[in-house]
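Try each task before reading its solution.

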Amino acid sequence: MNKKIAAVLILIAISLIVLRLSLLGSAAFSDDHSWMLTIDVQFRADSAESARVSLQQPFENSNVRLNSRTLHHTGMQLVHRKHKEQSIRAITFKPRDAGEFYLAAEFLLQSSKSARFFNIKPSLLNEAERETYTEIDEILRLTDEAYQIIADVISLDLAEKDEIPQSLFDYLFNLPTNIKSSVIDLSDAVVLGSLTEVQKAMVMVSVCRRLNIPSRLVTGVMLSDDPDARVMTWVEVHENNSWVPYHPEKGFAKELPARYVTIDKTGRGILTYQDIDVLNWGIAIEELPQSLQAQDVRQRHWHDIFNLNRLSADVR
């Protein structure tokens, strides 16, 4: 009897796997697009002992999923991070010897206009996380004068706490953008009333954190054919147990365009390194023929087959 039950359970498991694969295989809808996002870095290391290069990798969201990853790192080795480290998602390389090196990380992405790839779950912050996302370091710190200018304009003293992120967003979006190459101090920029895209995001995070509202800087790109993709910076604020996006430069609040892809959420940037000289780095994005979407199933890791959260809500 036990053998019969086991055989039935095995058949059910196989059927579920086949169903899962078929659902993934048919997931290339007419409005889908395939993209190759490549982060490449050229650098020189005078000594291999302490030299390190780390790249962040794209996050999946409801409109974009990651189908495969390919690394090119001749003369380097991967450094495995400990699970408890905050930068566990980063891909870290170490050169074996001194010299000049080239590395590239290629990410095959699939985008869809319909939000069907990834189901966002509630994101509850523990005490340590809340402390991290309300801490103000020297880079984000505003002078009292700069803070008071913002407080007076948007009436922070009278605002309800849950209204503050939207009020800050509106204030920053309406400020003129400083497009000059020279970047002045963050507080001075607030006093002058002209900020860069990055500074607008930094100010929003700084004020939110000062008012004990968890927030973080985010960097990413928009998927479009571009050999030299522009990195953008925006903000995520923790509201109602989820991270809500605000892009005070582009004017997007609470929802981003479908082709926006987040690459870094640590605030450190997409590329971090130590004891090397970066000669050149950039991000290239290429739209691929839709036929490549069929590679999804063959290239996905086995544990993704059982991850039902990756299916759209209407087929789960």
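**Exercise 1.** Why does T262 count as buried?

Solution. Start with the background: this is a predicted model, where local features need pLDDT of at least 70, side-chain atom pairs count only at pLDDT 80 or more, and totals for chains, interfaces and linings use all residues. Residues are numbered from 1 along each chain as its sequence is written, and side-chain values use heavy atoms, leaving out hydrogens and water.

Step 1: buried means under 20% relative accessible area, exposed over 50%, and partly exposed in between (1.4 Å probe, protein chains only).
Step 2: T262 counts as buried because its relative accessibility is 10%.
Step 3: look around T262, and you will find that it touches W234 and E236, among others, where contact means heavy atoms within 4.5 Å.

**Exercise 2.** Find the residues of the largest nonpolar core that touch the most other members.

Solution. Step 1: a nonpolar core is a set of buried Ala, Val, Leu, Ile, Met, Phe, Trp, Tyr and Cys residues joined through side-chain atoms within 4.5 Å.
Step 1: this core has 31 residues, and L142, I150, L168, V190, V203, M204 and V207 touch the most other members.
Step 2: α6 gives the most to this core, with seven residues; helices (H or I, at least four residues) and strands (E, at least two) are DSSP runs, numbered from the N terminus.
Step 3: follow V203, whose contacts include L142, I150 and V190, not counting residues up to four places away in sequence.
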